[in-house]
Number of protein chains: 2
Amino acid sequence: MREDETAASGEDRLIARYFRPLARHPGAFALDDDAAALTLPAGCDLVLTADAIVAGIHFFPEDPSDKVARKALRVNLSDLAAKGARPLGFLLTLALPGQVSDTWLAGFASGLGADVELFGCPLLGGDTVRTSGPVTISITAVGAVPHGGMLRRSGAQAGDRILVTGTIGDAALGLLLRRDRALAERCGLAPGLRDRLVERYLLPEPRNVLAQLLGAHASAAIDVSDGLAGDLAKLCRPSGVAAEVEIARVPLSEGARTILSREPALIETIVTGGDDYEVLATMSGGRIDGFRRQASALGVAVTEIGKIIVGKGETRFLDAAGRPLLLAHPSFSHF
Amino acid sequence: MREDETAASGEDRLIARYFRPLARHPGAFALDDDAAALTLPAGCDLVLTADAIVAGIHFFPEDPSDKVARKALRVNLSDLAAKGARPLGFLLTLALPGQVSDTWLAGFASGLGADVELFGCPLLGGDTVRTSGPVTISITAVGAVPHGGMLRRSGAQAGDRILVTGTIGDAALGLLLRRDRALAERCGLAPGLRDRLVERYLLPEPRNVLAQLLGAHASAAIDVSDGLAGDLAKLCRPSGVAAEVEIARVPLSEGARTILSREPALIETIVTGGDDYEVLATMSGGRIDGFRRQASALGVAVTEIGKIIVGKGETRFLDAAGRPLLLAHPSFSHF
């Protein structure tokens with residue numbers, strides 16, 4: 001080997017340039033080792049979740065890379081929020097095709113860095129690999145909950161109320177608005193409202209600010225990523241219960257209400273479309289007012305949409321006349 | 001929604017069929033929740049590492065899927081071994097093109113399951129996504145070390161000896177034998193020896209059995225994944241030292257020795273090729289005999305190949321006459 005050998009590999013340069021600045025946690029060792037080391041807060045369990053997004057499947061190749069990066073992190077943060085866990089950090093595995101530009105990478109790192117700060121969730125490690133396929137971003141997020149306190153899908157009981165944060169359906173409508181350019185005009189949707197829906201698809205707003213509160217009050221929770229209907233079923237089945245939702249109570253943004261008033265059939269898109277990254281939770285009726293008040297003080301609206309009943313995983317969405325909505329595709333799946 | 005709605009999505013079916021059986025850790029909740037929960041052993045730090053492999057880059061698309069799965073896990077286990085960490089489990093993110101068959105998936109899950117048992121490293125969670133590109137397997141492995149005890153790259157000191165486990169260069173030669181069908185014959189390599197080298201490329205043998213011993217004795221360590229020369233440099237730079245290796249002491253398998261006797265220039269492939277997944281460690285001279293004896297009792301040969309000297313990251317590979325070997329490509333990188 002040359003005695004003056006100091007040239008780092010391309011991967012090392014890429015890491016040093018774009019990702020080292022995001023790895024300020026001392027246990028990340030400035031990404032200069034094979035692994036990260038973490039000391040868990042006393043009395044806490046570790047919570048681990050992994051979610052990946054792929055160009056052309058979960059985002060458009062032309063989406064701005066800063067938002068792609070933030071979405072990749074936020075879909076994982078959303079899982080931590082719904083489990084009542086505080087973020088400790090994340091590992092990032094990035095599969096990059098050869099033609100990815102420095103501009104794209106700089107934007108990606110910049111967006112990621114903004115969320116590292118915003119959510120207090122440092123980069124701990126990861127891997128960068130070449131691919132002949134699309135950009136693929138795999139993240140493993142690590143969080144902490146009080147020992148034994150991870151909020152499960154399986155704790156819902158008959159009599160519990162069903163709550164949801166924020167508004168439902170915005171991201172699915174945002175995606176539809178991108179695919180169907182005439183929809184906004186057909187529905188008389190103002191540009192500002194259209195942009196807001198499209199933005200909700202691009203950039204989820206995970207409810208990490210509520211994690212501790214959810215852990216204290218909820219009997220079960222799940223984040224709404226595959227659609228309200230499908231994710232409610234995923235909570236009911238392991239809980240061994242059923243659910244009834246009043247469609248009229250599902251919280252909608254002004255944009256969603258505008259579209260729905262012209263195209264009522266899009267209620268199916270709203271309750272099954274996914275990408276909401278809101279939290280769906282159950283809790284006893286006596287806890288609701290306190291929970292809602294504290295959530296509101298933290299800036300998050302919470303809406304009661306229905307109740308848990310005795311059953312075996314069935315979920316019913318009832319219209320104003322009490323008739324169940326028949327859904328063609330109850331949950332979104334790429335498979 | 002239909003009241004009899006019990007149909008799971010395709011992704012749920014895939015997980016239930018192939019991956020749930022590998023998730024026996026109670027904190028994996030049978031992959032039926034959004035996250036896993038782990039209670040760390042008392043007095044331990046968490047160690048986290050992530051490595052991905054991509055079809056056509058890190059393995060051949062036609063490689064048997066059971067070995068692909070095991071390789072994906074083992075490259076991560078190798079990092080834990082070199083950091084002195086005991087495996088606690090792993091998260092798997094699998095990006096699959098549409099044409100992946102059930103046979104491929106069944107083989108993948110079967111290989112993975114074999115290593116889950118062999119290394120005591122349960123599946124804790126993960127994600128399954130569609131891709132228009134090649135099969136991409138991202139794994140995050142989680143381990144434990146005594147508090148403050150993660151073995152670093154940066155602890156090597158002038159005067160320390162350099163050790164390596166097993167044999168070096170086999171995987172790189174195995175890859176070369178697959179690409180250059182005439183090489184085996186040119187070198188008079190017996191089929192059994194050829195197969196053994198090819199197998200070493202397909203299926204690394206990470207040295208997790210040595211993790212605790214390394215933690216007790218080594219001053220620094222790294223697993224050899226990008227080639228002995230490059231990884232030695234990656235250990236020397238953060239340690240602020242230099243290294244001298246005697247080429248003649250680098251441990252070679254019978255197959256590697258046979259090839260090298262006919263094609264001496266392949267010494268470069270051996271020391272820079274990578275995919276060895278052996279451990280490169282440094283320790284003071286007084287510890288070597290005890291370490292080697294205990295490692296041998298655990299079934300792993302350890303060889304002293306050189307010494308750490310004062311310097312600034314330089315690494316020299318010396319021939320029998322003390323002349324430094326000049327390497328064209330000191331370390332492997334896909335970038």
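**Questions about a two-chain model**

Me: Which residue of β5(B) does B:L92 stand opposite?

Reply: B:L92 stands opposite B:I139 in β5(B). Keep in mind that this is a predicted model.

Me: What makes β3(B) and β5(B) a pair?

Reply: Two strands count as paired if there are at least two bridges between them. β3(B) and β5(B) have nine bridges, in the antiparallel sense, so they pass that test.

Me: How many bridges join β2(B) to β5(B), and in which sense do the strands run?

Reply: Eleven bridges join them, and the strands run antiparallel. As an example, B:C44 has B:P146 in β5(B) as its bridge partner.

Me: Why is β5(B) called largely enclosed?

Reply: Ten of its eleven residues are buried, so the rest of the structure largely encloses β5(B).

Me: What makes me say that α2(B) is largely enclosed too?

Reply: Here 16 of the 18 residues are buried, so α2(B) is largely enclosed by the rest of the structure.

Me: How do you know that the span of α2(B) agrees with what a helix should have?

Reply: Set the two values side by side. At 1.5 Å a residue, the 18 residues of α2(B), 65-82, should span 26 Å, and the end C-alpha atoms are 26 Å apart, which agrees. Just after α2(B), B:G84 takes a positive phi of about 75°.

Me: Which residues touch the most other members of the largest nonpolar core?

Reply: In this core of 44 residues, they are B:F19, B:F90, B:L92, B:F108, B:L112 and B:I137. The elements of chain B that give two or more residues to this core are α1, β2, α2, β3, α3 and β5. The largest share, seven residues, comes from α2(B). Apart from this core lies another, of 43 residues, with A:L31 and A:V68 among them. As a general point, nonpolar side chains tend to be buried together in soluble globular proteins.

Me: What is B:F90 in contact with, leaving aside its neighbours within four places in sequence?

Reply: Its contacts include B:L73, B:L112, B:V116, B:C121 and B:I139. The word "contact" applies because heavy atoms lie within 4.5 Å.

Me: Why is B:D63 called buried?

Reply: Buried means under 20% relative accessible area. B:D63 has 5%, so it is buried. B:D63 sits in the loop between β2 and α2 of chain B. Not counting residues up to four places away in sequence, B:D63 touches B:V68, B:R178, B:Y201 and B:L202.

Me: What makes B:A156 buried?

Reply: With a relative accessible area of 4%, B:A156 is under the 20% limit. B:A156 lies in the loop between β5 and β6 of chain B. B:A156 and B:A220 are 64 residues apart along the chain, yet their C-alpha atoms are separated by 5.2 Å.

Me: How do you know that the buried residues of α11(A) lie on the same side?

Reply: The buried residues A:I288, A:G290, A:F291 and A:A295 belong to this helix. They cover an arc of only 165° around the axis, which puts them on the same side of α11(A). The face turned away from this buried side carries the exposed residues A:D289, A:R293 and A:A297. The buried residues pack against β6, α7, β9 and β10 of chain A.

Me: Why are the two copies described as related by a two-fold rotation axis?

Reply: Chain B can be laid on chain A by a turn of 180° and a shift of 0.0 Å along the axis, with an RMSD of 0.0 Å. The two copies are therefore related as by a two-fold rotation axis. Of the residues of chain B, B:G133 comes closest to this axis, at 1.9 Å (C-alpha).

Me: How do you know that the copies meet through the same surface?

Reply: Of the interface residues of chain B, 100% are also interface residues in chain A, so the surface is the same.

Definitions and conventions: Residues are numbered from 1 along each chain as its sequence is written. Chains are lettered from A and ligands numbered from 1 in the order in which they are written. This is a predicted model: local features need pLDDT of at least 70, side-chain atom pairs count only at pLDDT 80 or more; totals for chains, interfaces and linings use all residues. Side-chain values use heavy atoms; hydrogens and water are left out. Copies are superposed by least squares on the C-alpha atoms of residues with pLDDT of at least 70 in both. Buried means under 20% relative accessible area, exposed over 50%, partly exposed in between (1.4 Å probe, protein chains only). Helices (H or I, at least four residues) and strands (E, at least two) are DSSP runs, numbered from the N terminus. The arc is that of the directions from the helix axis to the C-beta atoms. The expected span of a helix is 1.5 Å times one less than its number of residues. A nonpolar core is a set of buried Ala, Val, Leu, Ile, Met, Phe, Trp, Tyr and Cys residues joined through side-chain atoms within 4.5 Å.
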